[in-house]
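This report goes through a structure part by part. The sequence and coordinates come next, followed by the description.

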Amino acid sequence: MSRSITLGQYFPGQSLVHQLNPRMKLISLLFVLALLFSLRSYSGLVALFFIALFLIAKTRVPFRYFLRGLRPVLFIAIFALVIYFFFTSGGIVLLRVGFITVESEGVREGIFIILRLVTLVLFSLLLTLTTTPLSLTYGLSYFLKPLRYIGLPTDEVAMIMAIALRFIPTLMEESQRLMRAQVSRGADFESGSIFRRAKSLVPLIVPLFVSAFRRADELALAMEARGYRIGAIRTRMHEDTFFPRDWVVLAVALVMLAASLTLGL
Amino acid sequence: MVNRSEFMIEARELAYYYPGEEKNSFPALSGINLAVSRGEYLALIGPNGSGKTTLLKLFNALLAPCEGEVLVEGISTVDENKIAEVRRYCGMIFQNPDNQLVATTVEEDIAFGLENMALPSAEIQNKVIAVAHLLGLEHLLHQPPHLLSGGEKQRVAIAGVLAMQPHCILMDEPTAMLDFTGRRDVIETVRGLNRDQGIAVIHVTHFPEEAVYADRIIILNQGRLVMQGPPEIVLSDVSLLHSLGLQGPAAVELAALLREDGFDLPPQLIHCRELVHSLCSLERKS
């Protein structure tokens with residue numbers, strides 16, 4: 001049971017995309033997203049879409065993982081499509097139902113918007129599917145570092161997030177154990193209205209909280225015993241290093257953004 | 001700074017009261033005088049609430065003594081500036097294997113203490129690999145802790161402490177939550193470190209069988225040191241053990257029953273093997 005618990009969306013692999021520096025991936029993603037919104041031409045957008053597909057193929061992550069990630073935006077996509085199809089005027093009239101018309105300009109823009117949305121999600125999934133939650137955490141905390149000057153303990157926040165990631169599977173196992181213990185004594189978590197089911201979770205959540213606090217207490221002691229001190233300087237076993245390939249990826253993203261902005265693609 | 005004294009840890013007139021307790025009514029520890037030699041294997045036994053865990057926490061500077069003092073390698077544990085050093089000399093292993101692993105992979109957990117020492121990455125990596133090799137944990141380095149067995153988790157915890165090159169390992173009932181194999185693996189690991197690396201061990205345990213291998217056993221009761229001596233003496237004193245609500249090792253308990261039934265067994269039998277030998281020689285005589 002516990003073996004099937006996966007953290008985040010990470011799909012392990014050895015591809016180039018997997019091995020890129022997480023900080024670089026984050027910045028490059030930012031540039032690509034900016035690029036997506038600056039693009040005006042179909043050709044540019046389609047090119048970017050194919051770049052996304054190419055990278056997806058390179059990661060060797062099964063495509064269904066990307067499809068699964070796209071599912072939540074399906075609703076927004078359909079909604080946007082309807083709006084654009086029926087309420088944008090211009091071009092030739094393709095369809096007329098009563099007083100509502102679908103015109104070619106609306107179809108053009110509707111598909112453009114959806115392609116942009118799908119490409120955006122695909123690029124984001126490229127990041128989250130190929131980067132472990134922990135490296136993402138450390139990558140993000142690196143960018144938060146300037147906030148230390150206004151008194152935010154960024155290193156400690158990163159440590160808290162890393163510990164949370166470490167304990168998610170442990171607490172999930174524990175909640176399953178508690179659930180089984182309650183079920184064996186006649187508790188029912190599955191039937192009844194949503195309200196009833198939510199209420200039946202209370203006897204689960206209370207002991208889970210109690211045990212989480214006890215764990216936190218013991219863990220704090222263990223960390224202290226191993227020399228952890230808040231505010232002290234720490235190093236890391238795996239400092240993330242930049243390789244030439246990281247700079248190449250970043251440069252490509254930047255050049256694409258600059259080209260789009262200056263040439264008005 | 002090298003400590004010239006022959007003792008690794010010294011406790012002098014040590015007393016500790018948990019905050020909130022009436023000062024004179026119930027000290028967690030009082031009047032403890034104890035010296036631990038370099039490379040000694042010390043077992044600490046006693047009923048629940050006798051102060052065993054408190055004593056370990058005092059040795060690791062997790063608690064500061066209320067009276068008296070604790071010296072680790074000659075450094076007083078109340079010296080704020082040297083607490084990191086004390087904790088490096090005295091690593092601590094806790095009872096619950098789940099609640100002492102910090103990182104999301106085994107290698108990062110072993111590295112945790114070294115990261116706190118702010119060593120360069122390359123040095124940390126070398127030390128982690130060396131320690132994993134020593135304890136036979138190489139195949140687990142990239143595993144997340146929740147996929148390990150209890151015994152493996154405790155050995156990872158030991159590796160994390162060992163990576164900091166301690167002079168002493170403090171263990172607070174490290175095997176209480178493990179199954180038989182896990183228990184055996186952990187005890188063998190620690191005995192090996194004690195024997196081969198000369199690392200002192202202070203082992204708090206509920207299992208008399210585990211105390212058998214110690215160089216010296218200390219019994220605590222109600223915060224006081226009741227008895228200390230080699231295992232043959234301490235563990236064979238069944239009446240004392242029973243009066244404190246403790247049990248002797250299987251061989252001792254069995255020998256006591258046999259003596260009641262008139263078997264003429266020599267005193268101080270603590271290993272099953274010795275008991276079997278004595279019984280066989282009785283058989284041969286008759």
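## Where the two chains touch

In this predicted model, 29 residues of chain A are in contact with 34 residues of chain B, where contact means that the C-beta atoms of two residues, placed from the backbone, lie within 7 Å. Helix H7 (154-184) and helix H9 (202-225) of chain A each supply at least two residues of the side of chain A that touches chain B. H9(A) gives the most to that side, with eight residues. Helices (H or I, at least four residues) and strands (E, at least two) are DSSP runs, numbered from the N terminus.

The residues on that side of chain A comprise 14 nonpolar, five polar and ten charged. Ala, Val, Leu, Ile, Met, Phe, Trp, Tyr, Cys and Pro count as nonpolar, Asp, Glu, Lys and Arg as charged, and the others, Gly among them, as polar.

## Numbering and confidence

Residues are numbered from 1 along each chain as its sequence is written, and chains are lettered from A and ligands numbered from 1 in the order in which they are written. As the model is predicted, local features need pLDDT of at least 70 and side-chain atom pairs count only at pLDDT 80 or more, while totals for chains, interfaces and linings use all residues.

## Chain A as a whole

Chain A has ten helices and two strands, in the sequence order α-α-α-α-β-β-α-α-α-α-α-α. Its radius of gyration, taken over C-alpha atoms, is 24 Å, well over the 18 Å that the globule rule gives for 265 residues, so chain A is more spread out than a compact globule. The globule rule is 2.2 Å times the number of residues to the power 0.38.

Along its principal axes, the C-alpha trace of chain A spans about 70 × 55 × 40 Å. Of the 265 residues in chain A, 17% are buried; a residue is buried if 20 or more other C-beta atoms lie within 10 Å of its own, exposed if 12 or fewer, and partly exposed in between, with C-beta atoms placed from the backbone. Among contacts in chain A between residues at least 6 apart in sequence, 73% join residues at least 24 apart.

## Helices H4 and H5 of chain A

The axes of H4 (residues 63-87) and H5 (residues 104-130) of chain A come within 9 Å and cross at roughly 160°. Axes are lines fitted to C-alpha atoms, for helices over the stretch in contact, and angles run from 0 to 180 degrees between N-to-C directions. H4(A) and H5(A) are therefore roughly antiparallel to each other, the term for angles over 145 degrees, as roughly parallel is for those under 35.

By class, the contact of H4(A) with H5(A) has 20 nonpolar, three polar and one charged residues. Among them are Phe66(A) and Leu70(A) in H4(A), and Glu109(A) and Ile113(A) in H5(A).

## Helices H10 and H11 of chain B

H10 (residues 250-260) and H11 (residues 272-285) of chain B pack at an angle of about 30°, with their axes 8 Å apart. The two helices are therefore roughly parallel to each other. Ala250(B), Ala251(B), Leu254(B) and Ala255(B) of H10(B) make the contact with Cys272(B), Glu274(B) and Leu275(B) of H11(B). Six of these residues are nonpolar, none polar and one charged.

## Two residues with positive phi

Most residues other than glycine have a negative phi. Arg60(A), not a glycine, has a positive phi of about 65°. Arg60(A) is found in the loop between helix H3 (42-59) and H4 of chain A, and is partly exposed, with 13 other C-beta atoms within 10 Å.

Glu13(B) has a positive phi of about 45° and lies in strand S1 (residues 7-16) of chain B. Glu13(B) is exposed, with 12 other C-beta atoms within 10 Å.

How values were computed:
Parallel < 35°, antiparallel > 145°, perpendicular 65-115°, else oblique.
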